[in-house]
Structures are given as C-alpha cells and as structure tokens.
Amino acid sequence: MKKILLLFLTFTIVFVSKLNADVYAVIVGVEIYDGTVNNLSASVDDAERVYKFFSNITKSENLVILKDKQATKENILYEMDKIFSKAKEDDLVIFYYSGHGAPGLFCPHNVNGGASGLRHSEIRAAFKKSKAKTKLCLADACYSGSIVGSKSNTSTTHVTSPGADNVIIFMSSRDSETSLESVNQVTGYFTKHLLLGLSGRADTNSDGVVNAYELYAYVRRNVKNDSQGGQTPVMFGNFDKYLPILKYKK
C-alpha cells in the first residue's frame, strides 16, 4: 500500500511533441476500491495529469482514462485490447497505472481482496497482441517491480542492443518496496518525476529528446531523494538503452 509523506512540490508541464509515431495510451487511476482494500488519495489526480500530458501530443481518440469505479479489471483489459489494436508498427503504446499493487498484480477497483487482481501476465499478453514495436508500461504502485520477478531487487536496467523489441517496463518501486505519495501536491513521487522528466528535465545531453536511459536515471535519482532512499524505481525490458521516447519543445 502507498504511504503518505509531506512534501511541497512545484510542477510545470512543458509542451511535448511526438517523434515520427502516434501515441496510444490506456491510463488508469484507482483511489476508491470495493471495500476489500484501503482507499488512496493521489492515484486519480496522477492519472489525470498523465492523461493531460499525453493529450498534448496525440489525438483524443488514441487515449482512454479509467478512474475508480470505471477501472474494473474487465474494463481495463477491454480498453487495452481496443486502443492498442489501433496502433501501427511504428507507433508507441503505453499502459499507465496508479493505485494499489501487490506481488504479481495491480489492483483494479473490483480487486476483491486480490482474487480479481489485474495480473502482470495479463498486461504482458495485451502488449504482445499489439502491432506496435515500441511499448511502454508505467506503474506507480507498491511492489510494482514484481512484474519482472525478484531480480528487481538487485538490478537497475536490463537492455539489449539496437534492433530489440523495444518493450520498456518502468516501475515505481522494487518488488519489496512501497510507493510513496506527497499529500501537499497530491501526487506520487514516481509520477511527478516521470512527467517532469518527459517534459525535458531528463534530457542530460540537451539534444531535445528524452531517451530511455535519461528518463530512468532522472526519475530514479529524484524519487530516491524524495523518499530518502525508501523507494527505487526500476526499468527492465528488451530495448536499446538510448531509444528515443519523446521529443520536447524547449
């Protein structure tokens, strides 16, 4: 479960333009649950921020946001199948989730104490059906690193050479860690720095493009700082370390 910390944050989103691809995204935020787990305070706010961010760089019909009671397991899988099926080979598909997590799963609204959890294997299967060659899975949830197994405790990134499948899994915490929220900004540390990084702050070489490793390094450093070392984002997958993700306007 997420813990609450007090921290004053400032947050500015810069307009970001896409590379030579369309973006298709399913964005999920769950604060209100079915009574079998505790409610949260920042997940819907974060999902709305992510939706607003990507609405500046792609068509509205390429995006869907599911919040609270809308975010049942059935609806999430249905929307992933529908939205991701629109993507062509050169496009980017994104799944973003903010809410409770548990080892091996994320918690939709109708989680039923974990019996109806959204299994990581189901997310991978939805990605696999898409024709898009670049896929990005983002989660601001406790134990989210368990999507890649116990190696998230010891590894940082797992990448391959150019020409890989470009599947990027970027999780807010290791498989043994909780993910933290700041009540002053009503945001998770991971989502805050994810959006700031994509807005250009992660661009260490100032080439106008945020690549995979730049984003990982920026988010990891700042989340660890905000959480005083209690939360460590992890990135795994089959992708070129310097794969461009977004081009932003300076």
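1. Lys 129 is exposed, at a relative accessible area of 60% (buried means under 20%, exposed over 50% and partly exposed in between, with a 1.4 Å probe and protein chains only). Its side chain meets that of Asp 81 in a salt bridge, 3.1 Å from N to O (a side-chain nitrogen of Lys or Arg within 4 Å of a carboxyl oxygen of Asp or Glu). Because Lys 129 lies in helix α3 (residues 120–129) and Asp 81 in helix α2, the pair ties together parts that are 48 residues apart in sequence. Asp 81 itself is partly exposed, at 41%.

2. This is a predicted model, in which local features need pLDDT of at least 70 and side-chain atom pairs count only at pLDDT 80 or more, while totals for chains, interfaces and linings use all residues. Residues are numbered from 1 along each chain as its sequence is written, and side-chain values use heavy atoms, with hydrogens and water left out.

3. Within helix α2 (residues 73–84), Glu 79 and Lys 82 are three residues apart, about one turn of the helix (helices, H or I of at least four residues, are DSSP runs numbered from the N terminus). The two form a salt bridge whose closest N and O atoms are 3.4 Å apart; Glu 79 is buried at 13%, whereas Lys 82 is partly exposed at 35%.

4. The largest nonpolar core has 37 residues, and Phe 54 and Ile 94 are among those with the most contacts inside it (a core is a set of buried Ala, Val, Leu, Ile, Met, Phe, Trp, Tyr and Cys residues joined through side-chain atoms within 4.5 Å). A second, separate core of 33 residues includes Val 26 and Phe 106.

Key. Helices (H or I, at least four residues) and strands (E, at least two) are DSSP runs, numbered from the N terminus.
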